[in-house]
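Visitor: Please walk me through this model. Keep it brisk.

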Amino acid sequence: MSSTPATRPLALVTGASNGIGYEIARLCAAGGFDLVATGRSEKIDEAAEQFTRDGAHVTPVRADLAEANGVERVWKAVEATGRPLAAAVLNAGRSIGGAFLDTDLDDELSLISLNVTSVVHLAKHVARHMAAHHAGKILITSSLSATLPTPYETVYGPSRAFTRMFALGLREELKEHGVTVTTLMPGATDSDFHARAGMNNTAFGPGMKKNSRKEVARQGFIAMREGRAEIVGGDAATKRTAIEHRFLPETYKATRHATKAKPRPQD
C-alpha cells in the first residue's frame with residue numbers, strides 16, 4: 001500500500017488510526033488525496049486498508065510521535081514519496097485524567113512530548129517543505145479545552161492552549177509563503193479519547209452526550225480546504241460554549257470543569 005507518483009495531491013494525517021484523525025483521513029481519501037497516514041499501533045494498517053477502499057494510494061507509518069525518532073520516521077516516509085505535500089493534518093494527541101497529585105510524571109511528560117513537542121517538530125518539516133513549494137494547507141488539532149483551565153486533566157488543557165497559539169502564530173508567518181494554517185478545536189467527541197485517558201468514571205465517561213466524530217472531522221476538513229483560521233468542532237451548543245468562554249473568569253471555568261472531570265467514588 002505504498003504511495004506511488006500520481007496526479008492526486010498528497011496529504012499527511014497523524015493519529016489516523018482512530019477517532020477524529022481516522023475520519024479526517026477518510027475525507028482526504030474520498031476528497032481526492034493520497035495519504036501518508038500514521039498511528040502508534042498496528043491499527044494503522046487496518047485503517048490504511050479502508051483509506052485504500054476510499055480511493056487513495058496509502059503509505060501507512062507505525063510510529064510513536066512522543067519520540068523524536070518517531071517524528072523523523074514519519075517525515076522520511078513523506079520524503080520517500082518524492083511528491084510535494086499538499087496538506088498536513090497534525091492531529092495526534094491524548095489526555096490523562098485524574099488528580100495531578102496522583103498521576104504519573106513520566107506519563108505526563110510523554111503527553112507533552114506528543115501534544116506539544118511532536119507538533120512543533122513535525123510542523124518544522126512541513127512548514128519549510130510547503131513554503132519552498134509556495135503552497136499547502138495545514139490543519140492542527142487543538143481542543144475546546146484550550147480555552148479554559150482543565151483540573152483533573154491538569155496537563156492536557158495547557159498542552160492544547162499551546163497548540164492553538166502555535167498554530168495561530170504560524171498561520172500569520174506562513175501567509176506570505178502561500179501556506180494556510182487552520183486550528184481545529186473539538187469539544188467532547190464520541191471517540192475513545194476519554195476512555196484512553198482513564199476518565200470513564202467521570203462525567204466525560206459513557207452516557208455523556210458527545211459530538212459526532214464524523215461531523216467534527218467534516219467541519220475541520222472543510223475549514224482546512226477553505227483556509228480558515230480556526231473552527232470549533234461540534235454542534236451549536238459546543239460553539240456557543242466557545243464564545244461563552246471568552247467572557248467567563250478563568251477561576252469559574254476551572255471550577256466548572258472540575259465538576260465534570262473529577263473522578264467519582266467507585267462503589
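Guide: Buried means under 20% relative accessible area, exposed over 50%, and partly exposed in between, with a 1.4 Å probe and protein chains only. Helices (H or I, at least four residues) and strands (E, at least two) are DSSP runs, numbered from the N terminus. This is a predicted model: local features need pLDDT of at least 70, side-chain atom pairs count only at pLDDT 80 or more, and totals for chains, interfaces and linings use all residues. Residues are numbered from 1 along each chain as its sequence is written, and side-chain values use heavy atoms, with hydrogens and water left out.

Visitor: How many of the eight residues of strand β6 are buried?

Guide: Strand β6 spans residues 179-186. The strand is mostly covered. The buried count is seven of its eight residues.

Visitor: Which residue is the bridge partner of Ile138 in β6?

Guide: Two strands pair if DSSP finds at least two bridges between them. β5 (residues 136-141) and β6 pair in the parallel sense over six bridges. In β6, Ile138 is bridged to Val181.

Visitor: Which helix makes a β-α-β unit with β5 and β6?

Guide: The unit is right-handed. That term applies if, with the strands pointing away from the viewer, the path from the first strand over the helix to the second runs clockwise. Between β5 and β6 in this unit comes helix α5, residues 156-174.

Visitor: Which element supplies the largest share of the lining of the second largest pocket?

Guide: On a 1 Å grid over the protein atoms alone, a pocket is an open set with protein on both sides within 12 Å along at least five of seven lines; a cavity is a set of points where a 1.4 Å probe fits but cannot get out; lining residues have an atom within 4 Å of a point. Glu230 is among the residues lining this pocket, as are Met185 and Arg164. β7 and α8 (236-245) each supply at least two lining residues. The largest share, four residues, comes from α8.

Visitor: What is the volume of that second largest pocket?

Guide: Its lining has five nonpolar, two polar and four charged residues. Here Ala, Val, Leu, Ile, Met, Phe, Trp, Tyr, Cys and Pro count as nonpolar, Asp, Glu, Lys and Arg as charged, and the others, Gly among them, as polar. Grid points are joined across faces, edges and corners, and a volume is the space filled by probe spheres set on the points. For the second largest pocket that gives about 190 Å³.

Visitor: Is Ser145 buried or exposed?

Guide: Ser145 is found in the loop between β5 and α5. Leaving out residues up to four places away in sequence, Ser145 touches Thr150, Tyr156 and Gly157 (contact means heavy atoms within 4.5 Å). Its relative accessibility is 12%, so Ser145 counts as buried.

Visitor: Which residues does His125 contact, leaving aside neighbours within four places in sequence?

Guide: His125 lies in helix α4, residues 105-133. Its relative accessible area is 22%, so His125 is partly exposed. Its contacts beyond those neighbours are Glu72 and Trp75.

Visitor: Which helix gives the largest share of the lining of the largest cavity?

Guide: The whole structure holds two cavities of 30 Å³ or more. The largest has about 60 Å³ of space. Its lining has six nonpolar, three polar and no charged residues. Four lining residues, the largest share, come from α4.

Visitor: How much space lies in the second largest cavity?

Guide: Its lining includes Phe100, Glu108 and Glu153. By class, the lining divides into four nonpolar, three polar and two charged residues. The space inside is about 40 Å³.

Visitor: Which residue in β4 is the bridge partner of Val13?

Guide: Val13 belongs to β1 (residues 10-13), where both faces are covered and Leu10, Ala11, Leu12 and Val13 are all buried. β1 runs parallel to β2 (residues 34-39), and Val13 stands opposite Ala37 there. Four bridges also join β1 to β4 (residues 85-90), again in parallel. In β4, the partner of Val13 is Val89.
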